[in-house]
Amino acid sequence: MAYLSPAQDIVAIIDAAPTPAVSLGPGRRFAALVHYEAHPPVALLARPYVALAGLRIDPVLGGRQRIRRLTGLSVIALPDGEARRIDLPPDRSVGIPVWAADGRRFAFTVDEPDGIAVWVADAEAAVAAEVPGLRVRDVLGGDPASAGSTIRWSRDGGTLLALGAPPGTAGLLVEPIEPQVEETAGKRSQMATYTDLLRTSADEDAFELLATTVPLRVDPVTGKAAELAAPGLYCQLSESPDGQHLLCYRLQRPFSYRVPFPYFARRIEARTATGGLERVIADLPVSDEVPRHGVPTGPRMVSWEEAMPASLVWTEALDGGDPMTKVEHRDQMYRLAAPFDGEPLPALRMQERCVGWYDMAAPGQLLITEHDRDRRWLTSRLTDLAAPEASRVIFDHSVDEAYADPGSPLQTVHPDGTRTVLQDGSHIYLRGDGASPDGDRPFLDRLDLTDLATERLFRSRADAYERVLGFVGDGREAVLIWHESRTEPPNLVVTQLDGRASRQLTSLPDPHPQLTGMDKRMLAYDRGDGVQLTGMLHLPPGYDPATDGRLPLVVWAYPHDYGDPATAGQVRGTTERFTWLAASDPVWFVLRGYAVLQGATMPVIGDPETMNDTYVEQITAAAAGHIRALTDMGIADPRRVAVGGHSYGAFMTANLLAHTDLFAAGIARSGAYNRSLTPFGFQTERRNFWEAMPVYDRVSAFRYADQIGAPLLLIHGAQDANSGTFPIQSERLFQAIQGTGGTARLVLLPHESHGYVARESVLHVLAEQFSWLERWLGVTPGQ
């Protein structure tokens, strides 16, 4: 059948220009706006690609498959400039700005017919020019929208470090016909069920051909390039703070047919500024036997200490990478300074797993965060690597905690190109969501590291949603924020922290004024066992229960795990945000006369090792609690309630239809319904199939397909690349329902992956969803 399309009022909203992304430059004197096409034509997704090593590679472009188009760039001079569009070739897709330390110039990629070009823009003049003759590859260098690892500025901003495309290799790909053969003996590879993996020796050769780059140092004006090393499978190239050394990440054979490319054999090297090898920091084997929820052994997260001239720092597991091993310390930090000829110096030992750190302004100081898996706890310590015994705890809170979340430190790029936490003496600045029982109110705090005293510098107005992007200029008097409210779409505003003045920099229009009068409420009520449930209720404009009666209800949810009832019941979100309808949102149903409970919480609470033992019982209680509350309010018609969700929310939807009779219909998008196909864990489940077979069986809706009485709409991307949600999950559930007398409809979207992006696809999905609920809940268009 041909693609369907909903009514024109829906199409117009889908086609409205989305809010651009913003990138604040170093020094905070300029900001760049990245404009993009929310829903490109399906022809973009249909471009030929090869699936190799967990990647989808466009062999003609010489980069990763493009699923979105970034259509242009604008620049704004702060604090009071207007957006000026940079003139670029038409019908090209660009990349996210990569700023130089001077905060005036930025580099970005432009997709051309013959490969990926690099341009450099001057934000002050709002002009850009192509770097002559340079073509790069982003196959291993990160997300194609970012280009952050494919191109970088040198610390002094004089040159670009680039992963260049070897000449004459784009599109050269021969696909021989050969059998697929794999063998295993003695391995215990209990990792996720990845897709798009290597399968044959020809795949290995093709991957090496398409992913090989040449590390280059390039003059951004003339394009003159110096090769820094032989061609190879480079993932990252970064310069030491003093500009005298390079850190190189690259892959090497052997590859693996079991895991994607980040787990391949890899080598981490320190080199001179001109590319000469100084030391191999790590030569790591294929990591295809990483313990479940564990980490690879050997050096991890190797990076430069930003406040030191040339010193590397990393962490290594002391427990074999296995979180189930009982040890006194799980991770050890190491550091190694130039000329890299000594033994790495042990620094901080951590009781729990290191998950990352921030570089502080003082040499040798890091703000290091570790995660206690058993307690679901995060602890951040201010550590001097030269005196780790004097480390001090700065933050200490539950992973699940929203109300007490301290926020994240603001960072800054200094004129010398180093990047550290923004620090004024002993003070740092924290930006957070500001969750509270009354909803999110984002904030900016100043924290004194000496006594941990906090001063609130900014908090979003109660009748708006205002999120700080950063300070403006060198001072601390004004901040750049995204401002939005129920009736105002997001726009950039410079506001004085003393509240005396503000200036709006952009004037982005309301894409759907017909929703301005929509009633939006944050609800909270009891699950029936003392656990608080929450959800965002959307009602049609002008709705009055007294005169309009009860409405059909759509409950849209995504379950989350929690360690305790208190954090599970915390309010997350706010009614004060502008309702910008994304294609995946359920709020569309409001336009057709439904009540929509968006983000209906379905908490699964308990011991992290066993909480899924009661998964079905807990989501059932939550679903019943939501319906009961809205029925008691006189809003919902309990006979006309639909449930829906995407991914893990689809998994929930199928389980609710299999185990309850609460719903008249369901919509499940891109879900997994047979957990024997994800045998080494799912979501946060820590046990494998053979350790918890009854649990895997109980939560597999496929196993209970004969009990799915309510009509179920199954939607799936035909090329879903997400681990565990292969299209066969929806196909087999549909066949099971079909074979046991149930009612279902299966929609497979060509060329789509886990989330749907093409214009034709999202319009078809909306049309299918409207039609399905109209059919089974008895709602007519426009009701």
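Let me start with the second largest pocket: by class, 3 nonpolar, 2 polar and 9 charged residues make up its lining. Nonpolar here covers Ala, Val, Leu, Ile, Met, Phe, Trp, Tyr, Cys and Pro; charged is Asp, Glu, Lys and Arg; the others, Gly among them, are polar.

A word on the source. This is a predicted model, where local features need pLDDT of at least 70 and side-chain atom pairs pLDDT 80 or more, while totals for chains, interfaces and linings use all residues. Residues are numbered from 1 along each chain as its sequence is written, and side-chain values use heavy atoms, with hydrogens and water left out.

Back to that pocket. The second largest pocket holds about 350 Å³ of space. Its lining counts 14 residues, and nearest its centre lie Leu44, Arg69, Asp91, Ser93 and Asp111. Strand E6 (69-77) and strand E9 (105-112) each give at least two lining residues. Strands (E, at least two residues) and helices (H or I, at least four) are DSSP runs, numbered from the N terminus.

What counts as a pocket? On a 1 Å grid over the protein atoms alone, a pocket is an open set of points where a 1.4 Å probe fits, with protein on both sides within 12 Å along at least five of seven lines; lining residues have an atom within 4 Å of a point. Points are joined across faces, edges and corners, and the volume is the space filled by probe spheres set on them.

Now the largest pocket. Its volume is about 800 Å³. It is lined by 28 residues, with Glu182, Leu197, Ser256, Tyr257 and Arg258 closest to its centre. The lining splits into 12 nonpolar, 6 polar and 10 charged residues.

Next, a sheet. It is open, antiparallel, and has 3 strands in the order E3-E4-E5. Strand E3 (50-52) and strand E5 (63-64) are the edges, each pairing on one side only. Pairing takes at least two DSSP bridges between two strands. E3 and E4 (residues 55-58) have 3 bridges, and Leu52 has Leu55 in E4 as its bridge partner.

Last, Phe702. Where does Phe702 sit? In the loop between helix H8 (693-698) and strand E47 (712-717). Phe702 counts as partly exposed because its relative accessibility is 34%, between the limits of under 20% for buried and over 50% for exposed (1.4 Å probe, protein chains only). Leaving out residues up to four places away in sequence, Phe702 touches Tyr673, Asn674, Arg732, Leu733 and Ala736. Contact means heavy atoms within 4.5 Å.
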